[in-house]
Amino acid sequence: MDSPLSPLAPLPPLQELTHAELATTLRAAGDEGARSTLAEAVMREVYVRATGSIEAMASIGAARRALLARAVAFPRLACEAVEPAADGSTRFAFRLRDGARIESVLLPHHAGSDRHTVCVSSQAGCAQVCRFCATGRLGLTRDLEAWEIVDQVVQVAAHARVRASDIVFMGMGEPLANEVAVYRAARVMTQSHGLQIGARRITISTAGVVPAIHRFIDDAQPFRLVFSLGCADPAKRRRLMPIQERHGFEEFIAAIARYEAHRGHQHVTLEYVAIRNFTMGDDDIAALAALARRGFRFLLNVIPFNPVGDEFEAPTMAEVRAWTSRLRPFGLPVKLRFSGGRDRCAGCGQLGTGLIGARRRHPDRDVSRP
Ligand code: SF4
């Protein structure tokens, strides 16, 4: 039997509620106004006006703000650093309430475009220890809660005074190792009274948590999944991405092929890490050509390795371009990844660098877009 002194259930964080859930929560707390009007006003305050607290929601009267404060919590991440990079992207560092730290990156699109991508973290640290990634060196501190993911987008967009048009789950952490919170956050981001980001503009990148890929397909998640292949040679990939010891190469490729079939045989994206003297050899071309013969359509997104640790060497962009040109005869669509913010250690694989003190220079001073 419950003790009468049991603590009350914690209030749901505002940034974890869809519009309909917020309206229901407010009605249960005593909001008797016209259907969902208060919920819409609150969503506008949080996601359009970027108001930072319930007390500051000027469009809502004091009595209804008090009701709101009784019904929901409005926790915020503490922004500790904002570092603009030379290429126009910006790295944000946040401290969580338990002291853990995460990073996010704002990536502008081409000049003249008003689109902005926010690269978010899904975990504090990461357990997957991919050898090309600074976050993997931190180890896993913990999964993020859904509101901690949503609040990254809200704060990044508010700071830059832009509307986030695209989200990529390519920051710290393996999103499919925290799938419930990731899908909840992504769903909140699509809300028409909130951030209004199309589900197809929310991209989740996985290193290969195979059972979660199958669940993604079975549950018909509306978001986009991309796959961190690393490289196409199974033995090298095992060295590069220890996750392969738990989810084998063939298992991973079969899951990707199933996803491609599920999407009506549209190209799926495989992320490839170009590492000088490791993944850029003749044998790697042959391994990719063999993969292309498997019968599923893919686009190879080639990411030049960004310096992390001493084990691998970063190629120059000229080397990467020369190597990828050798894939053309196999009819493989290839894109070079724009890795924004490298001079601020905000490029692919570099998040968390500042936290482990492993900052190093990259051989290319310029940043190239695909
Ligand atoms: S690449 Fe992704 S999955 Fe691998 S260690 Fe880094 S954050 Fe984790």
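Predicted model: local features only at pLDDT ≥ 70, side-chain atom pairs only at ≥ 80, totals over all residues.
Let me begin at one spot in the chain, A220, which is placed in the loop between helix 7 and strand 9 (224-230); helices here are DSSP runs of H or I with at least four residues, strands are runs of E with at least two, and both are numbered from the N terminus. Although A220 is not a glycine, its phi is positive, at about 50 degrees. A second residue of this kind is V129, a residue other than glycine whose phi is positive and near 45 degrees, and V129 lies in the loop between strand 5 (123-125) and helix 4 (134-138).

Residues are numbered from 1 along each chain as its sequence is written, and side-chain values use heavy atoms, with hydrogens and water left out.

Now the chain as a whole. The protein chain has 12 helices and 12 strands, and of its 370 residues, 55% are buried, where buried means under 20% relative accessible area, exposed means over 50%, and partly exposed lies in between (1.4 Å probe, protein chains only). The accessible surface comes to about 16000 Å², with 51% of that belonging to carbon and sulfur atoms; these areas come from the Shrake-Rupley method with a 1.4 Å probe. Among contacts in the chain with a separation of 6 or more, 67% are between residues 24 or more positions apart, contact being defined as heavy atoms within 4.5 Å.

With those terms in hand, V129 can be called partly exposed, because its relative accessible area is 37%.

Let me turn to helix pairs. Two packed helices are described by the angle between their axes and the distance between the axes. The axes are lines fitted to C-alpha atoms, for helices over the stretch in contact, and the angles run from 0 to 180 degrees between N-to-C directions.

Going back to helix 7 (residues 210-218), its axis and that of helix 9 (residues 249-262) come within 9 Å and cross at roughly 15 degrees. That makes helix 7 roughly parallel to helix 9, given that angles under 35 degrees count as roughly parallel, over 145 as roughly antiparallel, 65 to 115 as roughly perpendicular, and the rest as oblique. Helix 7 passes helix 9 in a left-handed crossing, the term used if the near helix is turned anticlockwise from the far one by less than a right angle, with right-handed used if clockwise. On the helix 7 side the contact is made by V210, I213, H214, F216, I217 and D218, and on the helix 9 side by E251, F252, A255, R258, Y259 and H262. Sorted by class, this contact has seven nonpolar, two polar and three charged residues, where Ala, Val, Leu, Ile, Met, Phe, Trp, Tyr, Cys and Pro count as nonpolar, Asp, Glu, Lys and Arg as charged, and the others, Gly among them, as polar.

The next pair is helix 5 (residues 146-160) and helix 6, which pack at an angle of about 40 degrees with their axes 8 Å apart, and these two helices are therefore oblique to each other. The crossing of helix 5 past helix 6 is right-handed. In helix 5, A146, I149, V150 and V153 meet A181, V182, R184, A185, V188 and M189 of helix 6, a contact of nine nonpolar residues, no polar ones and one charged.

Staying with helix 6 (residues 179-189), I would point out A186, which is placed in that helix. F312 is buried, because its relative accessible area is 8%. Leaving aside neighbours within four places in sequence, F312 is in contact with R131, R239, L240, I275, F278 and F305. A314 lies in the loop between strand 11 (298-304) and helix 11 (317-325), and A314 counts as buried at 10% relative accessibility.
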